[in-house]
There are 2 protein chains.
Amino acid sequence: MPATDQLNIVPFVSVENMMDLVLSTGTEIFLRELADYVEEDFLRWESFDKTARVASHSDDGVIELMPTSNGTLYSFKYVNGHPKNTRSGRQTVTAFGVLSNVDSGYPLLLSEMTILTALRTAATSAVVAKHLAPKGARTMAVIGNGAQSEFQALAFKSLLGIDRLRLYDIDPTATERCRRNLAELGLTIEACRSTEEAVEGADIITTVTADKQNATILTDNMIGSGVHINAVGGDCPGKTELHRDILLRSSIFVEYPPQTRVEGEIQQLPQDYPVTEIWRVISGEQVGRQSADQITLFDSVGFATEDFSALRYVHDKLRGSECFEELDLLADPDEPRDLFGMLLRRQALTAA
Amino acid sequence: MPATDQLNIVPFVSVENMMDLVLSTGTEIFLRELADYVEEDFLRWESFDKTARVASHSDDGVIELMPTSNGTLYSFKYVNGHPKNTRSGRQTVTAFGVLSNVDSGYPLLLSEMTILTALRTAATSAVVAKHLAPKGARTMAVIGNGAQSEFQALAFKSLLGIDRLRLYDIDPTATERCRRNLAELGLTIEACRSTEEAVEGADIITTVTADKQNATILTDNMIGSGVHINAVGGDCPGKTELHRDILLRSSIFVEYPPQTRVEGEIQQLPQDYPVTEIWRVISGEQVGRQSADQITLFDSVGFATEDFSALRYVHDKLRGSECFEELDLLADPDEPRDLFGMLLRRQALTAA
């Protein structure tokens, strides 16, 4: 925790400082350490105050707040999703978040979370895959080669030892960019011309496409026995990636069922279709993969506790680091009840 | 709106800049201008997406998120309430907020809101009192002389022409501080030794105490006919200020009934007890004060649209002002989908 005695100050991690924090740590180490925090919080899942996100929908997109608390720390993330933003040179998704002390309600950290969300999503995917992917998996297909693809690739390399990638995107320039970005990071990469080609021989299939619609990125015939599907892209109502038949052949694992049933691939299934909460697998209460030919599916939509883990990790990382600024965010009058007097003293000071 | 072409930048108003913005405008003018924004948004009440606040309760307090949107702009406020905070030199309530563009989901402003909330609460109280207070009101009793008392006094002076104050607090030093803070601002002030004494001859009674309990700051015998009660302090479940009998003699006006029925004075009454939404009075759809001997009660708990108004006002005020910093909050890669590439380019840059 950054040391400050000034009660008005909240440490702030800008985009630039986040990049420096990641780079000075090393991206793969950052992902591994972050994954430990994610796993730790899944292990104490029941201590969290959980609610589905609070969404404000408009014609062009959605703005969401994702709060959670474990009774000691509280966090929330602000995140938007606006598919048309790329037309004006903006990101489809941007985010920032706050970590607070539950005892005082005072914020401990304000951080950019556009980059951090990509990292936490990838770290979470890899944590889950450790429990579900077939033994000895080395090849991953990545369908959708946009903003999150490289983070997914590196997390699976770092946590599972994946060293062969098969990339496909409907936009070949996206595939080429992903391949180029990952070129010197120790992965054997094959750019493919179709999803069919990409999934061939893959032990793990990651889908991380961005279209806001019910798409069928994967169809049933593409999915051989024994694979693990890491479905990341389908994450809001009306946005799915997998054909329903795949779901029916798979063992389905989810984060928080009330949210996933609305936002995930399983919005295609009846509300009472059996799924397994992933924290039960991580905690050892339930078995993940039970056989070599089982198809496992992580229907990932992203949950507030993962952002909590990410903010908690970054907050801890700042100890002894210079990757933050000090933000004068909280009014701190000499005398707590004298807010107006603070204004008067400022007036006297600036008039002097 | 502050001019910036940089998509990564969000204007930030720190506590210091908020003080300078208020002081350079003049506190009373600031309150009047802010009141205009509050009134404007009450007039288009039906265009707002309204939800009760999202609260995370703990033993020592609560952290709340208060989002709203009118389809063009979106805002949320983070606010905590921790009564024991004063023991460690912290504020009971601190807050900050964000205003965003609904079309892109991009934040337009991040601002401190501890000071701004005190201002918007006072401005809202005064806007409402314009419609409910007895004609020619000049004397206001202020029961509870803590952090919000001076703001209430100045808002009522500025918007209603109140020029006589009668102060009471169980802590005489609070009353003395409030009196001293307001000494040179054109008000005749009387420090009183009891609530009974303070309300004597008052046209308006403002209660703004801080105890988190069902208190009885005002009892029925203190309330003469024709007064307007501005009940600000009772604003969460289990926290009220008025004896139930007063409610039964009053015409009750509220902000957003689903929230007020849980948090306001009317939590003491049946769920279907008749109350009037204040926007209907402000818009002229319903009559506020109907007679000189009617007791009117504004059961104020604070609602998200008022924070929206405050952030919208501050955002407009920043045009041509220097009272803000530029925060590198949003990832803005040259190529929207190339988040990882941004990291690589930063690496190349810092290694160079």
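**Where chain A meets chain B**

In this predicted model, 80 residues of chain A are in contact with 80 residues of chain B. Together the two chains bury an area of about 7,100 Å² between them, and carbon and sulfur atoms give 66% of that area. The interface also holds 25 residue pairs in polar contact. On the side of chain A that touches chain B, helix α11 (residues 339-351) gives the most, with 9 residues. The residues of that side of chain A divide into 39 nonpolar, 24 polar and 17 charged.

Side chains of opposite charge can pair when their charged atoms come close. Across the interface of chain A and chain B there are 4 salt bridges. One of the pairs is Glu16(A) with Arg346(B), whose closest N and O atoms are 3.5 Å apart. Arg346(B) is also touched by Asp20(A), a residue whose other contacts beyond four places in sequence are Cys323(A) and Thr350(B). Asp20(A) sits in helix α1 (residues 15-25) of chain A.

In chain A, Thr350(A) belongs to helix α11. Its relative accessible area is 47%, so Thr350(A) is partly exposed. The side chain of Thr350(A) comes to 3.2 Å from the backbone oxygen of Gln347(A).

Helix α2 of chain A also has a link to the other chain. The cover over the buried residues of α2(A) includes α11 (339-351) of chain B, along with α1, α3 (114-132), α4 (149-160), α9 (278-282) and α10 (304-317) of chain A. Helix α2 itself runs over residues 27-43, and its 17 residues reach 24 Å from first C-alpha to last, close to the 24 Å expected at 1.5 Å a residue. Among the buried residues of α2(A) are Phe30(A), Leu31(A), Leu34(A), Glu39(A) and Asp41(A).

Two of these buried residues take part in salt bridges. Glu39(A) pairs with Lys130(A), at 3.2 Å from N to O. Because Glu39(A) lies in helix α2 and Lys130(A) in helix α3 of chain A, the pair ties together parts that are 91 residues apart in sequence. Glu39(A) has 15% relative accessibility and so counts as buried, whereas Lys130(A), at 42%, is partly exposed. Asp41(A) belongs to a network of salt bridges that links it with Glu40(A), Arg44(A) and Arg312(A).

In chain B, Asp41(B) forms a salt bridge with Arg44(B), the closest N and O atoms being 2.7 Å apart. Asp41(B) is buried, with a relative accessible area of 1%, while Arg44(B) is partly exposed at 31%.

Helix α10 of chain B is mostly covered, since 12 of its 14 residues are buried. Among the buried residues are Glu306(B), Asp307(B), Phe308(B), Arg312(B) and Tyr313(B).

Terms used. Residues are numbered from 1 along each chain as its sequence is written. Chains are lettered from A and ligands numbered from 1 in the order in which they are written. This is a predicted model: local features need pLDDT of at least 70, side-chain atom pairs count only at pLDDT 80 or more; totals for chains, interfaces and linings use all residues. Side-chain values use heavy atoms; hydrogens and water are left out. Contact means heavy atoms within 4.5 Å. Buried area is the accessible area (1.4 Å probe) that two parts lose on being put together, summed over both. A salt bridge is a side-chain nitrogen of Lys or Arg within 4 Å of a carboxyl oxygen of Asp or Glu. A polar contact is a pair of N or O atoms within 3.5 Å; within protein, one must be able to donate a hydrogen and the other to accept it, and residues adjacent in sequence count only if both atoms are side-chain atoms. Helices (H or I, at least four residues) and strands (E, at least two) are DSSP runs, numbered from the N terminus. Ala, Val, Leu, Ile, Met, Phe, Trp, Tyr, Cys and Pro count as nonpolar, Asp, Glu, Lys and Arg as charged, and the others, Gly among them, as polar. Buried means under 20% relative accessible area, exposed over 50%, partly exposed in between (1.4 Å probe, protein chains only). The expected span of a helix is 1.5 Å times one less than its number of residues.
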